[in-house]
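Colleague: I'd like to learn how to read a model like this one feature by feature. Could you walk me through it, general idea first and then the case at hand?

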Amino acid sequence: MTMIRRSLLIGAAAITAGLMTSVAYAADTVRIGSVLSITGPASFLGDPEKKTLEMYVRDLNAAGGVNGKKLELFIYDDGGDSNKARTFATRLVEEDKVDAVIAGSITGTSIAMRSVFEDAQTPYISLAGAAEIVTPVRKWVFKMPHTEPMSCGKIFEDLKKRKLTTIAMISGTDGWGKAMRAECVAMAPKEGIKVVKDEIYGAADSDMTPQLINIKNTPGVQAVINCGFGQGPAIVTRNYRQVGITVPLYQSHGVSSKSFINLAGPAANGIRLPAAALLVATQLADSDPLKKVALDYKTKFEKETGQPVSTFGGHARDALFMLIEAMKRAGSADKAKVRDEIEKTKGFIGTGGVINMSPTDHLGLDLTSFRMIEIKDGDWQLVQ
Amino acid sequence: MAELLQFTFSGLTVGAIYALVALGFTLIYNASDVANFAQGEFVMLGGMVTVFAMAAGLPIGFAALVAIVFVALVGLLLHRLAIEPARGASSVTLIIITIGASIFLRGMTAILLDKNFHNLPPFFGSEPFVIGGATLLPQSLVVLVGVALVLLAVWLFMSRTLLGKSLLATAANRTAAQLTGINTSAVIGMAFVISAMIGAVGGILVTPITLTYYDAGTMLALKGFAGAVLGGMGNPIGAVVGGLVLGLLEQFSAGYLSSQYKDAVAFIVILLVLFTMPQGLFGAKTVERV
Amino acid sequence: MRRCLNSPFLLILALGAVVALLPLILPSNFYVRVVAIVYINALAVLGLNLLMGFAGQVSLGHAGFFGIGAYAVALGPVYLGLPGWASLIGGTALSGLLAFVVGRPILRLSGYYLAIATLGMGVLISMVVSNEANITGGPNGMEVPRLVLFGSRITGSLTWYWISGITLVIGALIVVNLIESPTGRAFRAIHDSEIAARVLGVDVARYKLLAFVLSAVFTSIAGSYLVLLDGFVTPNTTSFLLSIELVVMAVLGGLGSILGSIVGAAILVILPQFLTVFHDYEHAVLGAIIIVFLIFLPSGIVPALASLIRRGPA
């Protein structure tokens, strides 16, 4: 009982303290807001994103902040729910009065928050995958990660190089898996590729052998593409070897974290996927401008969190630094000026590639920022 | 034919996982009328604690033992700190308390361990057996044998030990059991501990196949609960059969009908079964007393 | 205080006063939005409470109706060219009709069997909206066209605050009328004992169905409102977790209590906004709070406090 009472007391004190700080804020800071899926099914995206932002904001403040002002970071967890995301977005705008926003681990929450930041005329950089977020271009909205058309495009490019034209697909019911599947199926005929089998699995399923047997029994399949993220692709990969399919398997950049290799085990050998250069930082040529940035981030993240680096956290890093550079160029945190400067970003070197924003392109990445990577003996291997 | 066999193997593997969760549900339900929605968290904890104990350098057997003991303790604490103090509350209230407990356990796991997906090595390698053109992973066999052994142990415990009989008596009629001198509160506590251990064993057995992370319990609880109800709430054999049938349904419809709507097929069958057999496959006919 | 808790019509009056006066003290749009979400959830919980608290039937599938309401206002204007308000009414009618059709066979079940059957129904609805991605946008969701009434676009938290607040008051009024009528007595009889009610000549099946249909209608309207407020809908609105959340709100506030429905919704909507100060501990603390509340107030916050007040010196 006393324990419960004590924890209630501590809780009450903490709530009061929290309210006090949000009322008595210092006006001489640069306020950056963030709403991420830190818990829930997409926590493997939101968690590294949060850790990355916290890590760098701390460092930037230790080095004096930006434009002589300290940074203040407001992070909320939407649990993957778009309604909660929108409520927190409103809170960032109305209560925390943020100057800029880096938010949205998944497409659903990113789009749900979009109009809040547009109405508040606040620069907003999304960390979610789907191209839909910035097509058509919206004045205040930018986004970091590579999109599903890019992932399909890069895989098809590699397929054609290997002269494989008849494929099967197996996709998860998560947002990313569905969006990428739709894109690949739509894009295939234009690229001269035939999709002869199209299977689906639930995002939390634990055995995909029935779907894979159906693919195995479909004549003529020369390669298989698995669209999805989370644990699904790891189980697909293991079941793929279990039922003895021998044609090449492609994953998307939805699995670009070392934990995928650990989870899939030896079955991951030979899998190809398009992903950011960050995964193969050590193998990049010394002349490659991405090498230093990618290697620095990888070393720092792994040292501070004890967890393997993923491209997801990398995008949060890129978003933060792109924003900081825009603020420096703007000479202030003025929302309109910072937005204009983000749009003028040229040749920004991030872990995800070289970013060139323009008034017609708020993603700023092209296919060259993607590398085709093969998994070999438990590690990423750049396909030359 | 090979497909049929493959879908069966796959369905049994998935079903065995549901069966273990359903079995845990059943024991607590029998003793207390409560559907324990933190049952999925027991399974998750079993896997997660083993993973972290192994990462700390323990051999797998010892790590598994640590996990089982730890989760049993969690089960005991859940009863002592959350269920027992609410003694006398309606079963709906107690169920919501277990939902609160599942949110709490998930939250603590995320903080104390982590939020990443984890894996355990399969106990007997990952080279599949090939039987009649279909493949079966050694770990699937381990899970199936494990389910059978757990069921056997539960049956022996219930029918051969005094403690088990007091559990049965409490399940049959709590007031009468109390009158014969059974400490029903202790019996319910014991049901939580045993269910927690079953959950932990389940988690350790299935993690090499399904992987695990702090949020894995929710889906397992949902499917396990569906299995337990399908079999007939309160019947341990019904729970296991219900779980297996649910797994088979899902994988057969994924293979033969539509992988997109496989969960839908499973639930439609459950609805049809309940419309014709309102007490599930093995449920006892109960008469409501006025 | 005692009279107020005892007389349901006074309660409605008090609720109306709170809805009318609260905007005067809410400091910003953010608070207005949070309270609007409280009202919207309370509306759904009120419906669910009619089913659970008064008629004694469990449902773990109400997110299905919530989702039908939500997707009706998203899909109606886009695919059928219907105005938003007509889509809302259409969605409500569809939810009511579905509840009517599936209600008969489902409500023959009881207890956990009923829980699983309703859960199955919710899962089926959820699968349709998340699988038919060509129409619904799948898991990534779709934008909801703004509601247009009398030629003006209905946006903004404050407008939705008023719409949801007034609807909640009307909803509460309907429930009060119902439980004070012979129908309400029939509900309570079924809650206490179905067999006894049947012996007394209550058409049990009909009343259970009525409660089910009404609760579906309330929940469906709440779903429409929420996504109209957001301007965006995702399959979260149909998720099993939402069904559970609605049940937790109902039980936490107090089954069979109108005020309890609102208090339960208020706690689960507002609390997470405070818990953000705990950062990583947010969820652990939320779980602990639910447990502690129900240990000390096992019949739900409102009924337990009411009986404490009644027992104490009045």
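Modeller: Happy to. Bear in mind that this is a predicted model. In soluble globular proteins, nonpolar side chains tend to be buried together. Here the largest nonpolar core has 334 residues, and the members that touch the most others are I102(A), L323(A) and V71(B).

Colleague: Which helix gives the most to this core?

Modeller: That's helix α3 of chain C, residues 29-54, with 20 residues. Chain A takes part too: domain 1 (28-146 + 298-365) and domain 2 (148-282 + 369-382) each supply at least three residues of this core.

Colleague: Let me zoom in on one of those residues. What does V71(B) touch, leaving out residues up to four places away in sequence?

Modeller: One group of contacts is F42(B), L45(B), G46(B) and V49(B), and the other is A196(B), M197(B), G199(B) and A200(B).

Colleague: On to the chain contacts. How many residues of chain B are in contact with chain C, and how many of chain C with chain B?

Modeller: The size of an interface is often given as the accessible area lost when the parts come together. Here we go by residues in contact instead: 37 from chain B and 34 from chain C. On the chain B side, the elements giving two or more residues are α4 (91-112), α9 (217-231) and α11 (262-276). α4(B) gives the most, with 13 residues.

Colleague: And how does that side of chain B split by class?

Modeller: You get 28 nonpolar, 6 polar and 3 charged residues.

Colleague: Now chain A against chain C. Which element of chain A gives the most to that side?

Modeller: First the count: 30 residues of chain A are in contact with 26 residues of chain C. At least two residues of the chain A side come from each of α1 (2-23), β2 (70-77), α3 (82-94), α4 and α6. α3(A) gives the most, with 7 residues. By class, this side of chain A has 10 nonpolar, 12 polar and 8 charged residues.

Colleague: You mentioned two domains in chain A. How far apart are their C-alpha centres?

Modeller: The centres of domain 1 and domain 2 of chain A lie 28 Å apart. Both domains are made of two segments in the assignment: 28-146 + 298-365 for domain 1, and 148-282 + 369-382 for domain 2. You can read the contact between them just as you read a chain interface: 21 residues of domain 1 meet 22 residues of domain 2. On the domain 1 side, α4 (107-119), α11 (311-330) and β12 (353-355) of chain A give two or more residues each. The largest share, 3 residues, is from α11(A). That side has 10 nonpolar, 10 polar and 1 charged residues.

Colleague: Let's turn to strands. Is β6(A) mostly covered or mostly open?

Modeller: In a regular strand the side chains alternate between the two faces of the sheet. As for β6(A), residues 166-172, it is mostly covered, with 6 of its 7 residues buried. Strand β7 (residues 194-201) of chain A runs parallel to β6(A) and is joined to it by 7 bridges, with I167(A) opposite V195(A). The chain gets from β6(A) to β7(A) through helix α6 (residues 175-187), in a right-handed β-α-β crossover. β6(A) is also joined to strand β8 (residues 223-227) of chain A, again parallel, by 5 bridges, and there M169(A) faces I225(A).

Colleague: And where do I find antiparallel pairing?

Modeller: Look at β10 (residues 272-276) and β13 (residues 370-376) of chain A, which run antiparallel over 5 bridges. A275(A) has R371(A) as its bridge partner. β13(A) also pairs antiparallel with β14 (residues 379-382) of chain A, over 4 bridges, and I373(A) stands opposite L382(A). β13(A) and β14(A) make a hairpin with 2 residues between them, and D377(A) in the turn has a positive phi of about 50 degrees.

How values were computed. Residues numbered from 1 in each chain as written. Chains lettered and ligands numbered in written order. Predicted model: local features only at pLDDT ≥ 70, side-chain atom pairs only at ≥ 80, totals over all residues. Domains from an automatic or database assignment. Contact = placed C-beta atoms within 7 Å. Nonpolar A, V, L, I, M, F, W, Y, C, P; charged D, E, K, R; others polar. Buried ≥ 20, exposed ≤ 12 C-beta atoms within 10 Å, placed from the backbone. Pairing = 2+ DSSP bridges. Right-handed = clockwise from strand over helix to strand, strands pointing away. Core = buried A, V, L, I, M, F, W, Y, C linked by C-beta atoms within 7 Å.
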